[in-house]
Amino acid sequence: MAKAARAAAAWRTYREVTKPGSPALMTRVRAIPRMIGAVMRGQYDGMGKGKLGLLALGVVYILSPVDVLPDFLMLIGVADDFGVFLWLLASLLGESGRYVQHERTIIEGRVEGLEQA
């Protein structure tokens with residue numbers, strides 16, 4: 001059941017990234033550091049510091065040698081790391097896509113302000 005949920009999450013992420021008019025994959029990836037900085041400075045309200053903390057914990061969990069389910073339990077031990085990785089990837093790509101749209105809105109607002117002046 002969990003395998004199907006992870007596959008569905010990966011498919012939703014793929015569809016969101018390839019949707020026409022949506023920011024491209026590399027645009028989203030390059031926006032991640034800017035998004036993290038904006039969240040930390042309080043300049044982007046679309047994502048709270050709490051969610052950013054959860055994402056950081058996901059990175060720590062993947063990199064940590066200590067697992068909830070040890071890797072020597074071959075399939076189960078690797079599956080939990082892979083599940084966290086998919087969640088982390090889907091969350092980061094989704095949030096960074098919304099952040100890119102936020103940046104575009106700000107830039108368009110500035111351009112419109114200049115045209116009216």
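Leu25 belongs to helix 2, which covers residues 25-41, and with a relative accessible area of 40% Leu25 counts as partly exposed.

## Confidence along the chain

The chain has a mean pLDDT of 82, and 84% of its residues reach 70 or more. Among the elements of the chain, helix 2 has the highest mean pLDDT, at 94, whereas helix 1 (residues 2-18) has the lowest, at 72. Where pLDDT is low, the predicted coordinates should not be read in detail.

Two aromatic pairs are found when the whole structure is searched. In the pair of Tyr44 and Tyr99, the ring centres lie 5.0 Å apart and the planes stand at 80 degrees, which is over 60 degrees and therefore makes the pair edge-to-face.

## Ser96 and its contacts

Ser96 is also a residue of helix 4, and its relative accessible area of 0% is under 20%, so Ser96 is buried. Leaving aside residues up to four places away in sequence, Ser96 touches Arg28, Ala31, Ile32 and Met35. The C-alpha atom of Ser96 is separated by 9.0 Å from that of Arg34, although these two residues are 62 residues apart along the chain.

Notes:
Residues are numbered from 1 along each chain as its sequence is written. This is a predicted model: local features need pLDDT of at least 70, side-chain atom pairs count only at pLDDT 80 or more; totals for chains, interfaces and linings use all residues. Side-chain values use heavy atoms; hydrogens and water are left out. Helices (H or I, at least four residues) and strands (E, at least two) are DSSP runs, numbered from the N terminus. Buried means under 20% relative accessible area, exposed over 50%, partly exposed in between (1.4 Å probe, protein chains only). pLDDT is the predictor's confidence in each residue, from 0 to 100. Rings of Phe, Tyr and Trp (its six-membered ring) pair if their centres lie within 6.5 Å; planes under 30 degrees apart count as stacked, over 60 as edge-to-face and the rest as tilted. Contact means heavy atoms within 4.5 Å.
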